[in-house]
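Here are my notes for you, as promised. Have the model open while you read them.

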Amino acid sequence: MTPTQPADASPDPTSDPLAVDPADPTASGASATPRRRASRPSGASPRFDDEQPTTVVLVRHGQTTMTVSRGYSGSSEPGPPLDEHGRAQARSAAALVERVGRDLWGDIPFPGEVVASPMVRTQETAAVIAERLGLPVRTDAAFQEADFGAWQGLTAEQIEERWPGELEPWHTSGRVRPPGGESIADVGERLRRGLDALRAGGGDRTVVVVSHAVAIRAALGVTLGSDPGTWSQLRVAPASVSIVRLFADRRDEIAVAGAPSEGWARG
């Protein structure tokens with residue numbers, strides 16, 4: 001048996017009947033019909049079967065006042081709304097997500113579901129994306145941000161002043177809990193359950209999940225099977241897009257990690 005797409009092979013878009021033509025004006029835009037998908041591209045994780053995964057497009061919410069102040073804004077309270085720049089970021093993220101399965105990542109199905117954390121900032125970001133895609137938003141608390149407990153709303157400097165030496169190991173060990181809050185490993189277990197629920201819904205579909213920085217790092221970390229102490233090394237900027245592909249055998253793939261959404265919109 002041979003892989004469905006050798007890791008060192010580059011598909012020829014002129015001969016592949018499933019390839020998406022970026023020059024085709026019907027390949028993007030809300031009124032366009034999604035094209036048939038390309039075969040697994042060069043550089044994709046090798047597969048030795050024809051299984052179709054569940055694809056999850058992870059979008060971090062846009063900027064808020066807490067993003068600017070660098071306060072730890074978790075799930076223990078609804079949190080601030082998007083600011084003006086954050087709303088613009090949400091529109092950029094929507095423009096990028098709409099291109100998934102059209103003229104970007106042509107082997108991935110066009111999104112058919114939108115899920116969001118219950119926080120205000122994620123609900124607002126998801127609403128912009130869902131409107132562009134013509135889909136409803138479903139809320140799932142599995143994808144909410146870490147609960148920072150007593151650290152909620154404080155900056156790193158304030159946390160260090162009040163709990164000397166505790167913030168760094170929260171990030172670097174992944175197993176330290178703030179008073180009344182979650183460790184990074186705790187967040188990972190929650191995200192694992194959320195992703196497994198999406199996996200159980202069946203493959204060959206794409207779900208957009210609007211979430212948060214720590215939660216998206218955890219989703220990427222559990223997908224890769226890495227230690228929670230390494231997850232803080234992933235950069236997840238506001239309104240950035242990451243993509244994971246979930247297979248039934250759990251040999252999952254990270255296709256994109258933290259791609260910024262600004263600059264992808266077409267004029």
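1. Start with Thr54, which sits in strand β1, residues 54–60 (strands are DSSP runs of E, at least two residues, numbered from the N terminus). Before going on: this is a predicted model, where local features need pLDDT of at least 70, side-chain atom pairs count only at pLDDT 80 or more, and totals for chains, interfaces and linings use all residues. Residues are numbered from 1 along each chain as its sequence is written, and side-chain values use heavy atoms, with hydrogens and water left out.

2. Is Thr54 buried or exposed? Thr54 is buried, at a relative accessible area of 1% (buried means under 20%, with a 1.4 Å probe and protein chains only).

3. Now look at what the Thr54 side chain touches. It reaches the backbone oxygen of Gly202 at 2.6 Å, and it also has a polar contact with the Arg205 side chain, at 3.3 Å (a pair of N or O atoms within 3.5 Å, one able to donate a hydrogen and the other to accept it; residues adjacent in sequence count only if both atoms are side-chain atoms).

4. Leaving aside neighbours within four places in sequence, Thr54 is in contact with residues including Leu198, Asp204, Val244 and Leu246 (heavy atoms within 4.5 Å).

5. Over to the cavity (on a 1 Å grid over the protein atoms alone, a set of points where a 1.4 Å probe fits but cannot get out; lining residues have an atom within 4 Å of a point). The largest cavity has a volume of about 30 Å³, the space filled by probe spheres set on the points, which are joined across faces, edges and corners. Its lining is Trp170, His171, Ile184, Val214, Arg217, Trp231 and Ser232.

Notes:
On a 1 Å grid over the protein atoms alone, a cavity is a set of points where a 1.4 Å probe fits but cannot get out, and a pocket is an open set with protein on both sides within 12 Å along at least five of seven lines; lining residues have an atom within 4 Å of a point. Helices (H or I, at least four residues) and strands (E, at least two) are DSSP runs, numbered from the N terminus. Buried means under 20% relative accessible area, exposed over 50%, partly exposed in between (1.4 Å probe, protein chains only).
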